[in-house]
Amino acid sequence: MATYQLDITKDHCPITFVKTKIELSRLSKGDILEVLLLEGEPLENVPRTSAEQGYTVLDVSQVEGATYKVTIQK
Amino acid sequence: MAKKLSIISFSGDFDKLTAVFTLATGAAAVGYEVNIFFTFWGLDAIKEKQGRSFLGKSPLTKAFGFLMGGLKVAPVSRFNFWGISPKIFRSLMRKNNVATLEELVEYAKVLGVNLYACEMVMHILGLKREDFIPEVKDVLGVATFLKLADDGQTLFI
């Protein structure tokens with residue numbers, strides 16, 4: 001089980017969740033992906049669509065200001 | 001059963017193709033099955049040669065092939081200014097960290113978006129299967145596309 005990081009704070013729709021989806025598809029079952037993203041559309045979308053697709057959202061926490069970290073397990 | 005989005009990509013315009021591939025990649029990333037049926041000018045987006053080349057069988061279709069070109073020379077639907085505007089758009093997209101059309105096409109391939117070419121228009125323009133990128137899954141007609149699009153959402157762009 002490994003932990004990976006993905007920073008999508010500079011990306012925009014739909015690449016925010018496109019990159020998350022591609023990264024998650026590369027992981028093995030049990031691996032964890034920590035996604036750094038901004039509030040607004042990515043923060044609403046990434047945890048919701050990840051959960052819809054069967055991944056487990058372990059945590060959503062504010063890093064600083066508008067930046068959040070979403071922890072997802074495959 | 002997965003949700004499904006089927007797009008008829010008719011336009012060869014840079015901006016409309018950007019809309020096609022933005023929707024396609026976004027939908028694929030949230031778990032949709034996505035089909036894109038490229039017809040008429042839309043076929044330009046999936047040509048192997050992305051610039052201008054004399055694709056076709058007769059002198060007339062070769063001339064058309066050259067004028068239509070591929071993804072790299074797609075015009076914008078308004079204020080094209082002889083091809084200057086698409087270059088400006090690409091630079092603005094890069095500057096603002098928005099995926100360019102070429103990047104969206106690459107993401108679509110990675111996400112397994114199904115790309116189909118229209119058999120009828122290929123015949124008119126003298127285009128062959130080998131003139132297109134290898135990711136094109138099949139060459140189809142209307143009946144097969146309708147069957148693929150059944151029970152999903154369909155868009156015409």
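In this predicted model, A:Y4 faces A:L33 of β2(A) across a strand pair. The pair is β1(A) and β2 (residues 32–38) of chain A, parallel and joined by five bridges.

**The sheet of chain A**

β1(A) and β2(A) belong to an open sheet of four strands in chain A. The strand order is β1-β2-β4-β3, and the pairing is mixed. β1 (3–7) and β3 (56–64) of chain A are the edges; each has a single partner strand, so one side of each lacks a neighbour in the sheet. From one strand to the next, the twist averages 20 degrees.

| Strand pair | Direction | Bridges |
|---|---|---|
| β1(A) and β2(A) | parallel | five bridges |
| β2(A) and β4(A) | antiparallel | seven bridges |
| β3(A) and β4(A) | antiparallel | seven bridges |

A:E34 stands opposite A:T71. A:T71 is also the bridge partner of A:D59.

Strands in a sheet pair through backbone hydrogen bonds, in parallel or antiparallel fashion.

How do the side chains along β4(A) point? They alternate. A:Y68, A:V70 and A:I72 point to one face and are buried.

β3(A) and β4(A) form a hairpin with two residues between the strands. There, A:G65 has a positive phi near 55 degrees.

**The helices of chain A**

α2(A) lies across β2, β3 and β4 (67–73) of chain A. Its direction is about 155 degrees to β2(A). α2(A) also packs on α1(A): the axes come within 10 Å and cross at roughly 30 degrees. That crossing is right-handed. From α1(A), the contact uses A:T16, A:F17, A:T20 and A:L24. From α2(A), A:P42, A:N45, A:V46, A:T49 and A:S50 take part. By class, the residues of this contact are four nonpolar, five polar and no charged.

**Where the chains meet**

Chain A gives 13 residues to the contact with chain B, and chain B gives 12 residues. On the side of chain A, the elements with two or more residues there are α1 (15–26) and α2 (41–52). α1(A) supplies the largest share, five residues. The side of chain A that touches chain B holds six nonpolar, three polar and four charged residues.

**The fold of chain B**

Chain B has six helices and five strands. Along the sequence they follow the pattern β-α-β-α-α-α-β-α-β-α-β. The radius of gyration is 15 Å, close to the 15 Å of the globule rule for 157 residues, so chain B is as compact as a globular protein of that length. Its C-alpha trace spans about 45 × 40 × 25 Å along the principal axes. Of the 157 residues of chain B, 38% are buried. Among contacts in chain B between residues at least 6 apart in sequence, 68% join residues at least 24 apart.

The five strands form an open sheet with parallel pairing. Their order is β4-β3-β2-β1-β5.

**The helices of chain B**

α1(B) lies across β1 (4–9) and β2 of chain B, at about 165 degrees to β1(B). α6 (residues 142–149) of chain B lies across β1, β2, β3, β4 and β5 of chain B. α6(B) runs at about 160 degrees to β2(B).

At what angle do α1(B) and α4(B) pack? α1 (residues 14–29) and α4 (residues 101–110) of chain B pack at about 35 degrees, with axes 9 Å apart. Their crossing is left-handed. Residues of α1(B) in the contact include B:F14, B:L17, B:F21 and B:A28. Those of α4(B) include B:L101, B:L104, B:V105 and B:Y107. By class, this contact has 10 nonpolar, three polar and no charged residues.

Key:
Residues are numbered from 1 along each chain as its sequence is written. Chains are lettered from A and ligands numbered from 1 in the order in which they are written. This is a predicted model: local features need pLDDT of at least 70, side-chain atom pairs count only at pLDDT 80 or more; totals for chains, interfaces and linings use all residues. The radius of gyration is taken over C-alpha atoms; the globule rule is 2.2 Å times the number of residues to the power 0.38. A residue is buried if 20 or more other C-beta atoms lie within 10 Å of its own, exposed if 12 or fewer, and partly exposed in between; C-beta atoms are placed from the backbone. Two residues are in contact if their C-beta atoms, placed from the backbone, lie within 7 Å. Ala, Val, Leu, Ile, Met, Phe, Trp, Tyr, Cys and Pro count as nonpolar, Asp, Glu, Lys and Arg as charged, and the others, Gly among them, as polar. Two strands pair if DSSP finds at least two bridges between them. Axes are lines fitted to C-alpha atoms, for helices over the stretch in contact, and angles run from 0 to 180 degrees between N-to-C directions. A crossing is left-handed if the near helix is turned anticlockwise from the far one by less than a right angle, and right-handed if clockwise.
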